[in-house]
Amino acid sequence: MLYRIPRGVNDILPDQIAAWQQAEANFQKLCRLYNYEEVRTPIFEQTELFVRAVGEDTDIVAKEMYTFEDRSARSLTLRPEGTAPVVRAYLENSLQGQDPDRLVKLYYIAPIFRYDRPQAGRYRQHHQAGAEAIGSPEPEVDAEIIQLSLDFFASLGLKEVTLLLNSVGCPQCRPTYIKALKRHIEPHLDEMCSDCQRRYDANPLRLLDCKNQTCRQILEQAPSMLDMLCEECAVHFDTLKQTLDLLDIAYNIDPHIVRGLDYYTKTAFEFVAPGLGTQDSIGGGGRYDGLIEECGGPPTPAVGVGIGLERTLIAQEAAGVAQPEPAREGVFVVTIGAPAWPEGLKLLAQLRAAGLPAEIDYRRRSVRAQLRYADGEGCRWAAILGEDEIRSQTVTLRNMVSGEQDSIRQSELIDRLSAEL
Ligand SMILES: [Zn+2]
Ligand SMILES: [Zn+2]
């Protein structure tokens, strides 16, 4: 019987890997450019960390976590988002060091696990590239995180990415807003979807990002958080907008952007791209000034972003960005006859030791079959070794694209190929 992959997850196969490697390499390169250092945390953490950080009443914690007990009956959870583990590692390893003013800038590329309804680009194991700047309340750092993200999208040829910007306030101003929001909703609560009816008490801010048509209509007239920000939050938001203007970064103010996690304060943002249908977000983030304290650390302001790599790649494909054809490279060692075989194996090892990609036909088929194989593997050169070549210490070098071939000394082969490849 054949085993099948579990529902909701996928394989990333060799013919898709070029796009992945490009995305990962671009993100790493940009993070270095912006002075973010990589951090790698385990794929599971104590369940309590996520319950505490993300919030008990969020969809993630209430419905989407992969939680299990290990053999010592500890409750563990596969990482459902990237920020809480980074904050945990930051605190546990005292990454702040001795300088309380230092901005600790970290990035990660990691699998994320959510028991979500499977849909385009929403796998139960998907991948996020994220960056976190810990230790600064300044709105210019929010702008930096946004700029880094946009540079990443641009590096993949995504030109139509829209930045949606909002402020979700702070513990000072948010309660007043929530009261006003609930006052607006209450008369219509019966007409709203069951999720919203639950959120009304549990997590009213999340009413704002309901995708249900009726709910959306009711919420259209709802008061906006942006009208009720306290002085500090309003100044922060204004400065952020000015900074984005200064950097020529376009944005749309969208008071419905609240993100699904409790820890956001002030700035919340999302990136949307065409080609993904109604679920068009390819990433988002915001400020989380209260999270580090919530996780047991000193009050420490911070801001971050998480980018969904699957969805970004779908957007890239939808945008018609052509993946570069893998260039022909490497050398195929063709051997003719038994005496050439050990010489061929030695040459194969020498080529690889010199940093030249190389392959051989271990099944030692006919020359014609070997050349066909070399072509199928996308090799640029064939290095042919037969009786004559061994006797004269030469090799017949065939250009697999043009079909031209000439005889060169074995001792000169590596220099010649290194110069060409
Ligand atoms: Zn505020
Ligand atoms: Zn709803």
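Author: Four donors count as tetrahedral if all angles lie between 85 and 135 degrees. Donors are N, O and S atoms within 2.8 Å of the metal (3.2 Å for Na, K and Ca); water is not among the atoms, so sites may look incomplete. This is a predicted model: local features need pLDDT of at least 70, side-chain atom pairs need 80 or more, and totals for chains, interfaces and linings use all residues. Residues count from 1 along each chain as written, chains are lettered from A and ligands numbered from 1 in written order, and side-chain values use heavy atoms, without hydrogens or water.

Reader: Which residues are the protein donors of the zinc ion (ligand 2)?

Author: Cys193, Cys196, Cys210 and Cys215, each through SG, at 2.2 to 2.3 Å.

Reader: And why is the arrangement tetrahedral?

Author: Because the 4 donor atoms subtend angles of 106 to 113° around the zinc ion. Cys196 sits in helix H7 (residues 194-202) and Cys215 in helix H8 (residues 213-220), 19 residues apart. Helices are DSSP runs of H or I, at least four residues; strands are E runs of at least two; both are numbered from the N terminus.

Reader: New topic. Is Lys266 buried or exposed?

Author: Buried, with a relative accessible area of 7%. Buried means under 20%, exposed over 50%, partly exposed in between (1.4 Å probe, protein chains only). Lys266 lies in strand E9 (residues 265-272).

Reader: What is Lys266 in contact with, leaving aside neighbours within four places in sequence?

Author: Its contacts (heavy atoms within 4.5 Å) include Glu232, His236 and Asp289.

Reader: How many residues of helix H11 are buried?

Author: 7 of the 10 in H11 (residues 309-318), so the helix is largely enclosed by the rest of the structure.

How values were computed
Four donors count as tetrahedral if all angles lie between 85 and 135 degrees; four count as square planar and six as octahedral if opposite donors are over 155 degrees apart and all others between 65 and 115; anything else is irregular.
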